[in-house]
Amino acid sequence: MPELYKTSAWEFLEKSSHDRETIRHRPRPEIADTARYKTYPDAEKTELPVEWSPQEARIQSLLQQRRSLRRYNSTEPLELSDLSFLLWASQGITARMGGHFLRTSPSAGALYPIETYLVVENVTGVESGLYHFDVGHFQLEKLSAKVRSTEAARVCLNQDFIVDAHLVFFWTAVFRRSMAKYGERGFRYLFLDAGHVCQNLLLAAEALDCGGCPIAAFYDQEANRLLGINDKHETLVYAASIGRK
Ligand SMILES: Cc1cc2nc3c(=O)[nH]c(=O)nc-3n(C[C@H](O)[C@H](O)[C@H](O)COP(=O)(O)O)c2cc1C
């Protein structure tokens with residue numbers, strides 16, 4: 001197996017990066033569009049019931065209500081307990097299996113390559129700034145008081161709605177945590193893991209009567225610099241803004 005920097009995963013990562021200078025001019029492959037969903041017209045059909053038991057209805061309402069929310073009611077801050085619940089729901093440790101600490105989100109091989117960084121903008125009792133989530137001790141680690149939601153929005157292709165968010169989650173992937181075991185295929189798992197984490201967060205936000213928006217449009221190197229990470233080892237893969245409705 002080639003070393004990390006000689007893999008096709010690494011080449012793909014570099015080729016699919018956004019940066020401020022080249023984003024408008026970089027040629028995009030012309031890929032023909034296709035239908036929004038598939039059907040098999042000749043197949044035998046089974047009608048599906050849409051009445052849920054009370055137990056199913058508990059999660060049904062969260063799933064039904066979730067919509068990407070891009071307008072936040074910033075007059076009312078979030079509480080520290082809300083922030084804590086969101087971190088627990090997205091990445092909290094829930095069990096121990098041998099040497100593995102299992103979490104709320106599934107992870108390929110229980111390797112958990114995703115790290116959580118967080119821009120706190122509007123939370124009672126927490127100074128605004130950039131934090132890292134120490135999952136083992138269930139604590140926030142303050143990295144900088146200077147990084148605010150304005151900077152978060154800037155590295156996310158200047159998407160203005162992010163400025164008003166109460167929180168901005170940034171999920172990075174530590175390549176070797178997954179790729180040392182799975183090689184090139186481990187690269188796919190990084191993104192799948194991040195998707196699980198984000199969906200848990202969005203549903204937990206909904207349970208708090210808040211909302212959020214997943215974000216994958218960002219300037220990779222700029223974002224990595226903002227988080228202060230070494231992008232030879234770790235890179236931003238996904239983000240989400242969270243706020244009150
Ligand atoms: C991988 C991914 C990346 C996304 N990136 C962005 C983004 O950068 N900015 C944004 O406003 N919405 C982003 N979205 C949100 C989608 O636009 C949204 O999920 C879609 O329009 C469906 O709407 P819904 O989430 O309200 O159901 C992203 C969603 C996904 C799954």
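This is a predicted model: local features need pLDDT of at least 70, side-chain atom pairs count only at pLDDT 80 or more; totals for chains, interfaces and linings use all residues.

Student: Let us begin with the helices. At what angle do the axes of helix H3 and helix H6 cross?

Tutor: One reads such a contact from the axes and then from the residues. Helix H3 covers residues 80-91 and helix H6 covers residues 184-207; their axes come within 8 Å and cross at roughly 145°. The crossing of H3 and H6 is right-handed.

Student: Which residues of H3 and H6 make the contact?

Tutor: From H3 come Phe85, Leu86, Ala89, Ser90 and Gln91, and from H6 come Val197, Asn200, Leu201, Ala204 and Ala205. Sorted by class, the contact of H3 with H6 has seven nonpolar residues, three polar ones and no charged residues.

Student: How many aromatic pairs are there?

Tutor: The count comes to nine aromatic pairs. Consider phenylalanine 12 and phenylalanine 187: their ring centres are 6.2 Å apart and their planes stand at 85°, so the pair is edge-to-face.

Student: Why does the pair of phenylalanine 12 and phenylalanine 187 tie together parts that are apart in sequence?

Tutor: Phenylalanine 12 belongs to helix H1 and phenylalanine 187 to helix H6, so the pair ties together parts that are 175 residues apart in sequence.

Student: How much space lies in the largest cavity, and which residues line it?

Tutor: The count comes to one cavity of 30 Å³ or more. About 40 Å³ of space lies in the largest cavity. Its lining consists of Gln91, Arg103, Ser105, Pro106, Ser107, Tyr112, Ile114, Asp193 and Val197. By class, that lining has four nonpolar, three polar and two charged residues. Gln91 and Val197 were also named in the contact of H3 with H6.

Student: What is the volume of the largest pocket?

Tutor: The largest pocket has a volume of about 260 Å³. Of its 13 lining residues, Leu13, Glu14, Ser17, Gln221 and Asp231 are the closest to its centre. Helix H1 (8-15) and helix H7 (220-227) are the elements that give two or more residues to this lining. The lining of the largest pocket divides into two nonpolar, five polar and six charged residues.

How values were computed:
Residues are numbered from 1 along each chain as its sequence is written. Side-chain values use heavy atoms; hydrogens and water are left out. Axes are lines fitted to C-alpha atoms, for helices over the stretch in contact, and angles run from 0 to 180 degrees between N-to-C directions. Helices (H or I, at least four residues) and strands (E, at least two) are DSSP runs, numbered from the N terminus. A crossing is left-handed if the near helix is turned anticlockwise from the far one by less than a right angle, and right-handed if clockwise. Contact means heavy atoms within 4.5 Å. Ala, Val, Leu, Ile, Met, Phe, Trp, Tyr, Cys and Pro count as nonpolar, Asp, Glu, Lys and Arg as charged, and the others, Gly among them, as polar. On a 1 Å grid over the protein atoms alone, a cavity is a set of points where a 1.4 Å probe fits but cannot get out, and a pocket is an open set with protein on both sides within 12 Å along at least five of seven lines; lining residues have an atom within 4 Å of a point. Grid points are joined across faces, edges and corners, and a volume is the space filled by probe spheres set on the points. Rings of Phe, Tyr and Trp (its six-membered ring) pair if their centres lie within 6.5 Å; planes under 30 degrees apart count as stacked, over 60 as edge-to-face and the rest as tilted.
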